[in-house]
Amino acid sequence: MALIQCDFHSEALGLSMSMNVILPQSAPSQIGMASSAGSAKLKTLWLLHGLSDDHSIWLRRTSIERYVAPLGIAVVMPAVHRSYYADMDKGMNYWTYISEELPAIARSFFPLSDRREDNFVAGLSMGGYGAFKLALNHPERYAAAASLSGGLDVSSFQDRNPAEFNLIFGTQDKAGALPNNLYLAAEQLAASGKEVPKLFQCCGTEDFLYEHNTRFRDHALKLGLPLDYEEGPGEHEWGYWDANIQRVLNWLPL
């Protein structure tokens, strides 16, 4: 595998940004880790971080590089700060960055496929929200999306941190509108007749976001969306996410 720390300029944000990228390499002599790589444009997992983390966290807290080595896929892990993957009310346009600019930049640097069937998105906590936000609002771009312990109802976070909520969303009206409202995005997609990405959702039963996840699960299943849901013992912590990102990788339609 090749691991690349990539620093670049974002026009959408007006500042330097970073992403870590894992690229497959066929290396039969490498000891202790299987590997696989082909010559075609690469299938890509866009792997998103949570509220208090950055682009380095999946590498620091899990063995994601080892897990994907035999799969022959690329993994792109971008930084988005504490943005909730949103065009902020009093800040910068992180939704435009993550949904439009970043894929174009990454594909200009690396041999990544732009075909829907070759693109997948996953994340934890705030990143689980970001993953579903991308897939539900842009189903034509992603074949599958996975949320691990996702914070899937952003309107509920106003009471937890009103000042930050105000910076990001401004009002409940903006939090409750597209593209920020996953419930509304799911309803619009279900009614659109468009092909729906496969969805995977998991959450620990001791997680403080457990009820957020069961509510969204019930909503998605009522709409008839193709959601695979799993739950079990677990809290909001890296042991749970390290185990479950492996389940996500096994679930992806590679």
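The model is predicted. Its largest pocket has a volume of about 290 Å³. Its largest cavity has a volume of about 40 Å³. Helix H7 packs with H8 and also with H4. Helix H3 packs with H4 and lines part of the largest cavity.

**The largest pocket**

- The volume of the largest pocket is about 290 Å³.
- The lining of this pocket holds 21 residues.
- Leu 51, Tyr 84, Ser 125, Phe 157 and Arg 160 are the lining residues nearest the pocket centre.
- Helix H5 spans residues 162–168 and gives the most to this lining, with 3 residues.
- By class, the pocket lining has 11 nonpolar, 6 polar and 4 charged residues.

**The largest cavity**

- The count comes to 1 cavity of 30 Å³ or more.
- The largest cavity has a volume of about 40 Å³.
- Its lining is made up of Trp 46, Leu 48, Pro 78, Ile 98, Leu 102, Pro 103, Val 121, Leu 134 and Tyr 142.
- H3 gives the most to the cavity lining, with 3 residues.
- The cavity lining has 9 nonpolar residues, no polar ones and no charged ones.

**Helix H3 with helix H4**

- H4 runs over residues 126–137.
- H3 and H4 pack at an angle of about 60°, and their axes are 11 Å apart.
- The crossing of H3 and H4 is right-handed.
- On the H3 side, the contact is made by Trp 95, Ile 98 and Ser 99.
- On the H4 side, Lys 133, Leu 134 and Asn 137 take part.
- This contact divides into 3 nonpolar, 2 polar and 1 charged residues.
- Two residues of this contact also line the largest cavity: Ile 98 and Leu 134.

**Helix H4 with helix H7**

- The axes of H4 and H7 are 9 Å apart, and the packing angle is about 30°.
- H4 and H7 are therefore roughly parallel to each other.
- Their crossing is left-handed.
- H4 brings Tyr 129, Phe 132, Lys 133, Leu 136 and Asn 137 to the contact.
- H7 answers with Leu 182, Ala 185, Ala 186 and Leu 189.
- The classes here are 7 nonpolar, 1 polar and 1 charged.

**Helix H7 with helix H8**

- H7 covers residues 182–192, and H8 covers residues 210–223.
- The axes of H7 and H8 come within 10 Å and cross at roughly 15°.
- That angle makes H7 roughly parallel to H8.
- The crossing of H7 and H8 is right-handed.
- From H7, the contact takes in Leu 182, Tyr 183, Ala 186, Glu 187 and Ala 190.
- From H8, it takes in His 212, Arg 215, Phe 216, His 219 and Leu 223.
- By class, this contact of H7 with H8 has 6 nonpolar, 2 polar and 2 charged residues.

Notes:
Residues numbered from 1 in each chain as written. Predicted model: local features only at pLDDT ≥ 70, side-chain atom pairs only at ≥ 80, totals over all residues. Heavy atoms only, no water. 1 Å grid on protein atoms, 1.4 Å probe; cavity = no way out; pocket = protein on both sides within 12 Å on 5 of 7 lines; lining within 4 Å. Points joined across faces, edges and corners; volume = space filled by probe spheres on them. Helix = DSSP H or I, 4+ residues; strand = E, 2+ residues; numbered from the N terminus. Nonpolar A, V, L, I, M, F, W, Y, C, P; charged D, E, K, R; others polar. Axes fitted to C-alpha atoms, helices over the stretch in contact; angles between N-to-C directions. Parallel < 35°, antiparallel > 145°, perpendicular 65-115°, else oblique. Left-handed = near helix turned anticlockwise from the far one by under 90°. Contact = heavy atoms within 4.5 Å.
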